[in-house]
Amino acid sequence: MGKVMAVCISKRKGTVKLDVGQCRIIEDYGLEQDAHAGSLRQVSLLSYEKVEEFKQQCEGRVAVLPGVFGENLLVSGYDLKTYPIGTRFVCGDVLLEITQIGKKCHTGCEIARLTGDCIMPREGVFAKVLKGGVVKTGDAFQLADDGIAQTRSFKAAVITASDRAYKKEREDASGPLLAGILAKEGYLVEDVILLPDEEEMLYQELIRLADERKADVIFTTGGTGLSPRDVMPEATLRAGEKNVPGIAEAIRTYSMTKTPHAMLSRAVSVIRGRTLIINLPGSPKAVKECLEFVIPVLAHGIGILRGEDDN
């Protein structure tokens, strides 16, 4: 059994979280008054023991206070990153389910600037709130009765291509929605990336996710239409080593039953190494419809690509 060592929030994004000792956690939202609540990563958690190791490595050069890594809950007794997506933890009335392990460190992280390192990207985990309640320092923190969920074997990544969302002129609704559906279906979603409609940037990110991150499947959303700025198919074809036209054709055919505008889609699907890359439309509604159409056969396709299933 573990224990809550600190409860931290920040009322504005981009600021260090502060230990408030106690906070209400709201179902399907996060910590009350926390600036990051309501996102795909509703509650961030970090292992207390990993922070203590970091303190020893710093040798007192900087003050490592609770919340400095951006964690909401600092928890002892568990190496949190070793638990798979879907694992549930209980703390009093609160029930949390892990939805993401690790993250890309944001630009300007103060602790990284001071020490050259930040443990949150590799040690932190994120959870959604299945049941709310009040959590305070000293509360017991433990695995839920149903224990560890089935290990998720397929790694997924998501890229949104949108000039306006990248400039923060509008919210990226499609990328987080796509990642959330994949997580519910058992995929380990390790990267959710937002980029502008720039072919070279999209191409380089597809290569990185396939070659370095070793994603089993990369879903993209946006940039597949007839606009001069729509270049996702071009970036995808550059990154691909083999074409998989059947997936894109099937999605287009299915989408035509929803709207005749689907015929204007230039989406493609390809293979790079052992990574399957699939373009999806840009709207949240179309993303949901197309992904739910593809999901039933996706695992078999990935299994074939990995050499685990027969054709």
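A surface patch, as the word is used here, is made of residues with over 30% relative accessible area and no salt bridge, and nonpolar side chains are joined to one another within 5 Å. In this predicted model, L226, M256, M263 and L264 form such a nonpolar patch on the surface, and together they have about 410 Å² of accessible area. The points below begin with a member of that patch and then turn to a strand and a helix.

**The surface patch**
- M263, which is one of the patch residues, lies in the loop between α8 (245–256) and β16 (269–272).
- With a relative accessible area of 56%, M263 counts as exposed, because exposed means over 50%.

**Strand β12 and its partners**
- Strand β12, which runs over residues 155–161, is mostly covered, since six of its seven residues are buried.
- β12 pairs in the parallel sense with strand β13 (residues 188–195) over seven bridges, and within this pairing T160 stands opposite L194 of β13.
- β12 also pairs in the parallel sense with strand β14 (residues 217–221), here over five bridges, and V158 has F219 of β14 as its bridge partner.

**Helix α6**
- Helix α6 (residues 199–212) has 14 residues, which at 1.5 Å a residue should span 20 Å, and its end C-alpha atoms agree with this, being 19 Å apart.
- The buried residues of α6 are L202, Y203, E205, L206, I207, L209 and A210, and they pack against β12, β13, β14, α7 (232–239), β16 and β17 (275–280).
- Just after α6, K214 takes a positive phi of about 60°.

Definitions and conventions:
Residues numbered from 1 in each chain as written. Predicted model: local features only at pLDDT ≥ 70, side-chain atom pairs only at ≥ 80, totals over all residues. Heavy atoms only, no water. Buried < 20%, exposed > 50% of the residue type's maximum accessible area, 1.4 Å probe, protein only. Helix = DSSP H or I, 4+ residues; strand = E, 2+ residues; numbered from the N terminus. Pairing = 2+ DSSP bridges. Patch = residues over 30% accessible without salt bridge, like charges linked within 9 Å, V, L, I, M, F, W, Y side chains within 5 Å. Areas by Shrake-Rupley, 256 points an atom, 1.4 Å probe, with all protein chains shown as cover. Salt bridge = Lys/Arg side-chain N within 4 Å of Asp/Glu carboxyl O. Expected span 1.5 Å × (residues − 1). Contact = heavy atoms within 4.5 Å.
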